[in-house]
Amino acid sequence: MKILLSLAAASLSLALVAGNALAADGSNLAECVDLGNHQQIVRAGGSEQFFLKDGDSHYRIGTGRGCGSLAIASKIEISTDGTANRLCPTGSRVETNREICRVDQVTTISAEDFARRQARSRR
């Protein structure tokens, strides 16, 4: 019985480690998502990406060639094909109060990664 419990505990530990590694690695967004009204954005300090928290979901949004006004914009809105708060793997755009930028990559990230990015941005 002790051996079975030890094996079960070891299997659970391995599953948790593997799950955390997969969550940290992220993956490309496969389908469109409709974002809620309570979004939180963390700017990455440059013009090529930012991080988005929407409820329990977290994303890294890449703008490819950059979006010069990201770092200083007072407003950031995401839309796809004229539908506000819709984020898709392709066709989405980010509109700031100064310009419109094309989204070229959306990757899911873990809540922990978002929190680390948020802590870095506050420094």
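User: Which strands form an open sheet, and in what order?

Analyst: A sheet is read by strand order and by the sense of pairing. In this predicted model, four strands form an open sheet in the order 6-5-8-9. The pairing is antiparallel.

User: Which are the edge strands?

Analyst: Look for strands that pair on one side only. Here they are strand 6 (83-84) and strand 9.

User: How many bridges hold strand 5 and strand 8 in their pairing?

Analyst: Five bridges, in the antiparallel sense. For a landmark, find Thr 80. Ser 92 in strand 8 stands opposite Thr 80.

User: Now step back. How many helices and strands does the chain have?

Analyst: Count the elements, then read their order. The chain has two helices and ten strands. Along the sequence, the pattern runs α-β-β-β-β-β-β-β-β-β-β-α.

User: How many disulfides does the structure hold?

Analyst: Two. Take them one at a time. Cys 32 is joined to Cys 88, with an S to S distance of 2.0 Å. Cys 67 is bonded to Cys 101, with the sulfur atoms 1.9 Å apart.

User: What does the link of Cys 32 and Cys 88 tie together?

Analyst: Place each cysteine on the chain. Cys 32 sits in the loop between helix 1 (2-25) and strand 1 (33-34). Cys 88 sits in the loop between strand 7 (86-87) and strand 8 (92-96). The pair therefore ties together parts that are 56 residues apart in sequence.

User: What is the handedness of each link?

Analyst: Read the angle about the S-S bond. For Cys 32 and Cys 88, it is 115 degrees, and the link is right-handed. For Cys 67 and Cys 101, it is 70 degrees, and this link is right-handed too.

User: What is the pairing when the bonded cysteines are numbered in sequence order?

Analyst: The pairing is 1-3, 2-4.

User: Pick one residue. Where is Ser 69 found, and what does Ser 69 touch?

Analyst: Start with the element, then the neighbors. Ser 69 is in the loop between strand 4 and strand 5. Its relative accessible area is 4%, so Ser 69 is buried. Leaving out residues up to four places away in sequence, Ser 69 touches Thr 96, Arg 98 and Glu 99. The side chains of Ser 69 and Thr 96 make a polar contact of 2.6 Å.

User: Last, the whole chain. How much of the chain is buried?

Analyst: Of its 123 residues, 28% are buried. Then check the surface: the chain exposes about 7900 Å², and carbon and sulfur atoms supply 50% of that area. Finally, check the reach of the contacts. Among contacts with a separation of 6 or more, 53% come from residues 24 or more positions apart.

Definitions and conventions:
Residues numbered from 1 in each chain as written. Predicted model: local features only at pLDDT ≥ 70, side-chain atom pairs only at ≥ 80, totals over all residues. Heavy atoms only, no water. Disulfide = S-S within 2.5 Å. Buried < 20%, exposed > 50% of the residue type's maximum accessible area, 1.4 Å probe, protein only. Polar contact = N/O pair within 3.5 Å; in protein donor to acceptor, adjacent residues only side chain to side chain. Contact = heavy atoms within 4.5 Å. Areas by Shrake-Rupley, 256 points an atom, 1.4 Å probe, with all protein chains shown as cover. Pairing = 2+ DSSP bridges.
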